[in-house]
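Reader: I'd like a close look at one part of this protein, with the charged side chains as the way in. Could you walk me through it?

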Amino acid sequence: MQLIVNLNSNDFEVPYDHSYQLYSSVISLVSKQNQEIASQMHGFNSNLKFSLSQLMPGGKRKFTKVGFTGERFVFIISSQETSLIYTIKNSLEKSGAVELFDNRFEIHSIFTRNVIPSAEIVTIKSRSPIILKNDNRYFFKESPEEIQRVLESNIIAKFQKVRGIKPNIRFIKIQGLKLKQVGFKGIKLPGLMVKFTISADIEVLTFILTVGLGSKNKLGFGFIEEEKQGDSDGF
(Lines give C-alpha, C1' and ligand atoms only; values in the text may rest on other atoms or scores of the structure.)
Protein backbone atom coordinates (compact mmCIF):
# COMPACT_ATOMS: atom_id res chain seq x y z
CA MET A 1 0.00 0.00 0.00
CA GLN A 2 1.05 3.59 -0.58
CA LEU A 3 0.37 6.85 1.24
CA ILE A 4 0.31 9.96 -0.96
CA VAL A 5 0.81 13.28 0.81
CA ASN A 6 0.26 16.68 -0.85
CA LEU A 7 1.75 19.72 0.88
CA ASN A 8 1.20 23.43 0.37
CA SER A 9 4.51 24.77 -0.91
CA ASN A 10 4.65 28.21 0.76
CA ASP A 11 6.67 29.28 -2.33
CA PHE A 12 9.66 27.65 -0.63
CA GLU A 13 12.64 26.44 -2.67
CA VAL A 14 13.41 22.90 -1.54
CA PRO A 15 17.09 21.88 -1.76
CA TYR A 16 17.74 18.82 -3.90
CA ASP A 17 19.47 17.16 -0.96
CA HIS A 18 16.48 16.99 1.38
CA SER A 19 15.89 13.25 1.78
CA TYR A 20 17.18 12.89 5.33
CA GLN A 21 15.22 15.95 6.50
CA LEU A 22 11.98 14.48 5.12
CA TYR A 23 12.71 11.08 6.67
CA SER A 24 13.48 12.66 10.06
CA SER A 25 10.28 14.73 9.95
CA VAL A 26 8.13 11.65 9.27
CA ILE A 27 9.79 9.68 12.10
CA SER A 28 9.33 12.63 14.46
CA LEU A 29 5.62 12.92 13.68
CA VAL A 30 5.07 9.19 14.21
CA SER A 31 6.99 9.28 17.51
CA LYS A 32 4.51 11.81 18.90
CA GLN A 33 1.73 9.25 18.46
CA ASN A 34 3.55 5.92 18.82
CA GLN A 35 7.14 5.90 20.07
CA GLU A 36 7.49 2.15 19.70
CA ILE A 37 6.54 2.18 16.01
CA ALA A 38 8.81 5.18 15.37
CA SER A 39 11.73 3.32 16.96
CA GLN A 40 11.05 0.29 14.78
CA MET A 41 10.88 2.48 11.66
CA HIS A 42 14.20 4.06 12.57
CA GLY A 43 15.91 0.80 13.52
CA PHE A 44 18.49 -0.40 11.01
CA ASN A 45 17.65 -4.10 11.34
CA SER A 46 13.94 -3.68 11.94
CA ASN A 47 11.48 -5.90 10.08
CA LEU A 48 9.18 -2.88 9.74
CA LYS A 49 10.23 -1.87 6.22
CA PHE A 50 9.04 1.05 4.11
CA SER A 51 10.10 3.07 1.08
CA LEU A 52 10.01 6.87 1.06
CA SER A 53 10.08 9.04 -2.04
CA GLN A 54 11.71 12.44 -2.22
CA LEU A 55 9.58 15.56 -2.46
CA MET A 56 8.21 16.08 -5.97
CA PRO A 57 6.93 19.48 -7.17
CA GLY A 58 3.39 19.65 -8.53
CA GLY A 59 1.70 22.13 -10.83
CA LYS A 60 3.77 25.06 -12.05
CA ARG A 61 7.37 24.27 -11.12
CA LYS A 62 10.81 25.75 -11.39
CA PHE A 63 14.24 24.10 -11.07
CA THR A 64 17.42 25.97 -10.13
CA LYS A 65 21.00 24.89 -9.50
CA VAL A 66 20.29 24.20 -5.83
CA GLY A 67 16.62 23.26 -5.58
CA PHE A 68 13.08 23.52 -6.89
CA THR A 69 9.75 25.21 -6.29
CA GLY A 70 6.19 24.19 -7.15
CA GLU A 71 2.56 24.98 -6.46
CA ARG A 72 2.52 21.95 -4.18
CA PHE A 73 4.96 19.30 -2.99
CA VAL A 74 4.13 15.60 -3.06
CA PHE A 75 5.78 12.65 -1.35
CA ILE A 76 4.83 8.97 -1.18
CA ILE A 77 5.44 6.27 1.43
CA SER A 78 5.11 2.60 0.45
CA SER A 79 5.08 -0.47 2.67
CA GLN A 80 3.96 -4.08 2.64
CA GLU A 81 2.68 -3.43 6.17
CA THR A 82 -0.78 -1.89 5.73
CA SER A 83 -0.97 -1.14 9.45
CA LEU A 84 2.21 0.96 9.20
CA ILE A 85 0.74 3.05 6.38
CA TYR A 86 -2.33 3.81 8.48
CA THR A 87 -0.19 4.59 11.52
CA ILE A 88 1.79 7.15 9.50
CA LYS A 89 -1.41 8.53 7.96
CA ASN A 90 -2.94 9.00 11.40
CA SER A 91 0.19 10.77 12.65
CA LEU A 92 0.27 13.14 9.68
CA GLU A 93 -3.44 13.91 9.93
CA LYS A 94 -3.17 14.74 13.63
CA SER A 95 -0.23 17.05 12.96
CA GLY A 96 -1.77 18.70 9.91
CA ALA A 97 1.65 19.68 8.60
CA VAL A 98 5.22 18.55 7.92
CA GLU A 99 8.15 20.62 9.17
CA LEU A 100 11.23 20.91 6.95
CA PHE A 101 14.11 23.39 7.07
CA ASP A 102 12.38 25.34 9.86
CA ASN A 103 9.28 25.74 7.68
CA ARG A 104 5.82 24.35 8.36
CA PHE A 105 4.16 22.90 5.24
CA GLU A 106 0.42 22.41 5.71
CA ILE A 107 -1.02 19.15 4.41
CA HIS A 108 -3.35 19.87 1.49
CA SER A 109 -4.52 16.27 1.06
CA ILE A 110 -3.55 12.77 2.10
CA PHE A 111 -4.85 9.43 0.82
CA THR A 112 -3.94 5.77 0.36
CA ARG A 113 -3.87 3.54 -2.70
CA ASN A 114 -2.93 -0.04 -3.49
CA VAL A 115 0.06 -0.89 -5.66
CA ILE A 116 -1.27 -2.72 -8.72
CA PRO A 117 1.01 -3.30 -11.75
CA SER A 118 -0.86 -2.98 -15.05
CA ALA A 119 0.67 -6.12 -16.62
CA GLU A 120 3.47 -8.66 -16.29
CA ILE A 121 5.62 -6.51 -18.61
CA VAL A 122 5.92 -2.89 -17.45
CA THR A 123 8.24 0.07 -17.76
CA ILE A 124 9.50 1.38 -14.43
CA LYS A 125 11.26 4.65 -13.67
CA SER A 126 13.02 5.89 -10.58
CA ARG A 127 11.45 8.82 -8.74
CA SER A 128 14.54 9.22 -6.59
CA PRO A 129 18.15 8.14 -7.20
CA ILE A 130 18.82 4.43 -6.84
CA ILE A 131 21.94 3.64 -4.81
CA LEU A 132 23.28 0.36 -6.17
CA LYS A 133 25.84 -1.48 -4.10
CA ASN A 134 27.13 -4.98 -4.71
CA ASP A 135 30.10 -6.74 -3.09
CA ASN A 136 30.85 -3.55 -1.10
CA ARG A 137 31.18 -1.52 -4.31
CA TYR A 138 28.93 1.23 -5.68
CA PHE A 139 27.75 0.75 -9.27
CA PHE A 140 27.24 3.94 -11.28
CA LYS A 141 29.77 4.11 -14.13
CA GLU A 142 29.20 0.61 -15.47
CA SER A 143 27.54 -0.31 -18.76
CA PRO A 144 23.73 -0.66 -19.01
CA GLU A 145 24.21 -4.41 -19.24
CA GLU A 146 26.14 -4.46 -15.96
CA ILE A 147 23.58 -2.19 -14.28
CA GLN A 148 20.85 -4.59 -15.46
CA ARG A 149 22.71 -7.47 -13.84
CA VAL A 150 23.10 -5.68 -10.53
CA LEU A 151 19.47 -4.50 -10.56
CA GLU A 152 18.30 -8.07 -11.07
CA SER A 153 20.59 -9.31 -8.30
CA ASN A 154 19.18 -6.66 -5.97
CA ILE A 155 15.58 -7.67 -6.74
CA ILE A 156 16.36 -11.35 -6.24
CA ALA A 157 18.13 -10.73 -2.92
CA LYS A 158 15.31 -8.54 -1.55
CA PHE A 159 12.57 -10.93 -2.64
CA GLN A 160 14.34 -14.04 -1.29
CA LYS A 161 15.01 -12.36 2.04
CA VAL A 162 11.34 -11.49 2.54
CA ARG A 163 9.51 -14.31 0.73
CA GLY A 164 12.06 -17.10 1.03
CA ILE A 165 11.88 -18.07 -2.66
CA LYS A 166 13.61 -16.91 -5.84
CA PRO A 167 11.48 -14.52 -7.92
CA ASN A 168 10.51 -15.31 -11.49
CA ILE A 169 12.12 -12.56 -13.57
CA ARG A 170 12.02 -13.16 -17.32
CA PHE A 171 14.06 -10.13 -18.42
CA ILE A 172 15.18 -6.60 -17.55
CA LYS A 173 16.09 -4.04 -20.22
CA ILE A 174 17.51 -0.60 -19.42
CA GLN A 175 15.78 2.18 -21.40
CA GLY A 176 17.44 5.20 -19.83
CA LEU A 177 20.26 5.80 -17.39
CA LYS A 178 21.97 8.82 -15.89
CA LEU A 179 24.20 9.49 -12.91
CA LYS A 180 22.88 11.74 -10.16
CA GLN A 181 25.20 12.35 -7.23
CA VAL A 182 23.24 12.76 -4.01
CA GLY A 183 24.01 14.31 -0.66
CA PHE A 184 23.25 12.41 2.53
CA LYS A 185 24.17 13.84 5.95
CA GLY A 186 27.12 15.71 4.44
CA ILE A 187 28.33 12.76 2.36
CA LYS A 188 28.12 12.54 -1.43
CA LEU A 189 26.90 9.20 -2.79
CA PRO A 190 26.63 8.02 -6.42
CA GLY A 191 23.00 7.51 -7.41
CA LEU A 192 21.33 6.49 -10.65
CA MET A 193 18.13 7.65 -12.27
CA VAL A 194 16.96 4.61 -14.20
CA LYS A 195 14.17 3.75 -16.60
CA PHE A 196 13.80 0.07 -17.46
CA THR A 197 11.38 -2.50 -18.81
CA ILE A 198 10.89 -5.64 -16.77
CA SER A 199 8.98 -8.85 -17.32
CA ALA A 200 8.13 -10.74 -14.14
CA ASP A 201 5.25 -12.23 -12.20
CA ILE A 202 2.73 -9.69 -10.85
CA GLU A 203 3.73 -10.67 -7.30
CA VAL A 204 7.34 -9.70 -8.03
CA LEU A 205 6.41 -6.39 -9.66
CA THR A 206 4.11 -5.48 -6.78
CA PHE A 207 6.91 -6.27 -4.36
CA ILE A 208 9.56 -4.03 -5.96
CA LEU A 209 7.09 -1.18 -6.57
CA THR A 210 6.37 -1.32 -2.85
CA VAL A 211 9.81 -1.80 -1.29
CA GLY A 212 11.96 0.11 -3.82
CA LEU A 213 15.32 -0.75 -5.33
CA GLY A 214 18.90 -0.47 -4.13
CA SER A 215 19.79 0.63 -0.62
CA LYS A 216 18.60 3.34 1.82
CA ASN A 217 14.98 3.04 0.62
CA LYS A 218 13.45 4.44 3.80
CA LEU A 219 15.78 7.42 3.57
CA GLY A 220 14.32 8.57 0.26
CA PHE A 221 16.38 6.63 -2.28
CA GLY A 222 15.41 3.99 -4.83
CA PHE A 223 11.72 4.92 -4.94
CA ILE A 224 10.22 3.66 -8.21
CA GLU A 225 6.90 3.84 -10.07
CA GLU A 226 5.38 2.24 -13.13
CA GLU A 227 5.43 4.57 -16.11
CA LYS A 228 1.88 5.27 -17.20
CA GLN A 229 0.68 6.29 -20.65
CA GLY A 230 0.94 10.05 -20.99
CA ASP A 231 3.78 10.49 -18.49
CA SER A 232 5.93 13.35 -19.73
CA ASP A 233 8.23 14.28 -16.87
CA GLY A 234 11.15 12.09 -17.89
CA PHE A 235 12.90 10.02 -15.25
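Reader: Let's zoom in on Arg170: is it buried, partly exposed or exposed, and what relative accessibility puts it there?

Author: Keep in mind that this is a predicted model. With that said, Arg170 comes out as partly exposed, because its relative accessibility is 40%, which falls between the 20% and 50% cut-offs.

Now for its partner. Arg170 makes a salt bridge with Glu120, and the closest N and O atoms of the pair sit 3.0 Å apart. Why care about where the two residues come from? Glu120 belongs to the loop between β7 (103-113) and β8 (121-126), while Arg170 is part of strand β11 (residues 169-184), so this pair ties together parts that are 50 residues apart in sequence. Glu120 is partly exposed as well, because its relative accessibility is 38%.

Searching the whole structure turns up 13 salt bridges, and salt bridges that share partners link Glu99, Arg104 and Glu106 into one network. The general idea is simple: side chains of opposite charge can pair when their charged atoms come close.

For a contrast, take a look at Ser9, in the loop between β1 (2-8) and β2 (14-15). Ser9 counts as buried, because its relative accessibility is 4% and the cut-off for buried is under 20%. A polar atom of the Ser9 side chain lies 3.3 Å from the backbone oxygen of Glu71. Leaving aside residues up to four places away in sequence, Ser9 touches Gly70, Glu71, Arg72, Phe73 and Phe105.

Next come the helices. Helix α4 (residues 144-163) packs with helix α5 (residues 202-211) at about 100°, and their axes are 11 Å apart. That angle makes α4 roughly perpendicular to α5, because anything from 65 to 115 degrees is counted that way. On the α4 side the contact involves Ile155, Lys158, Phe159, Val162 and Arg163, and these meet Glu203, Val204, Phe207, Ile208 and Val211 of α5. Sorted by class, this α4 and α5 contact holds seven nonpolar residues, three charged ones and no polar ones.

The other pair to look at is helix α1 (residues 19-33) and helix α2 (residues 35-42), which pack at about 150° with their axes 6 Å apart. Here α1 is roughly antiparallel to α2, because the angle is over 145 degrees. From α1, the residues taking part are Tyr23, Val26, Ile27, Val30, Ser31 and Gln33, while α2 brings in Gln35, Ile37, Ala38, Met41 and His42. By class, the contact of α1 with α2 has seven nonpolar and four polar residues, with no charged residues.

Notes. Residues numbered from 1 in each chain as written. Predicted model: local features only at pLDDT ≥ 70, side-chain atom pairs only at ≥ 80, totals over all residues. Heavy atoms only, no water. Salt bridge = Lys/Arg side-chain N within 4 Å of Asp/Glu carboxyl O. Helix = DSSP H or I, 4+ residues; strand = E, 2+ residues; numbered from the N terminus. Buried < 20%, exposed > 50% of the residue type's maximum accessible area, 1.4 Å probe, protein only. Polar contact = N/O pair within 3.5 Å; in protein donor to acceptor, adjacent residues only side chain to side chain. Contact = heavy atoms within 4.5 Å. Axes fitted to C-alpha atoms, helices over the stretch in contact; angles between N-to-C directions. Parallel < 35°, antiparallel > 145°, perpendicular 65-115°, else oblique. Nonpolar A, V, L, I, M, F, W, Y, C, P; charged D, E, K, R; others polar.
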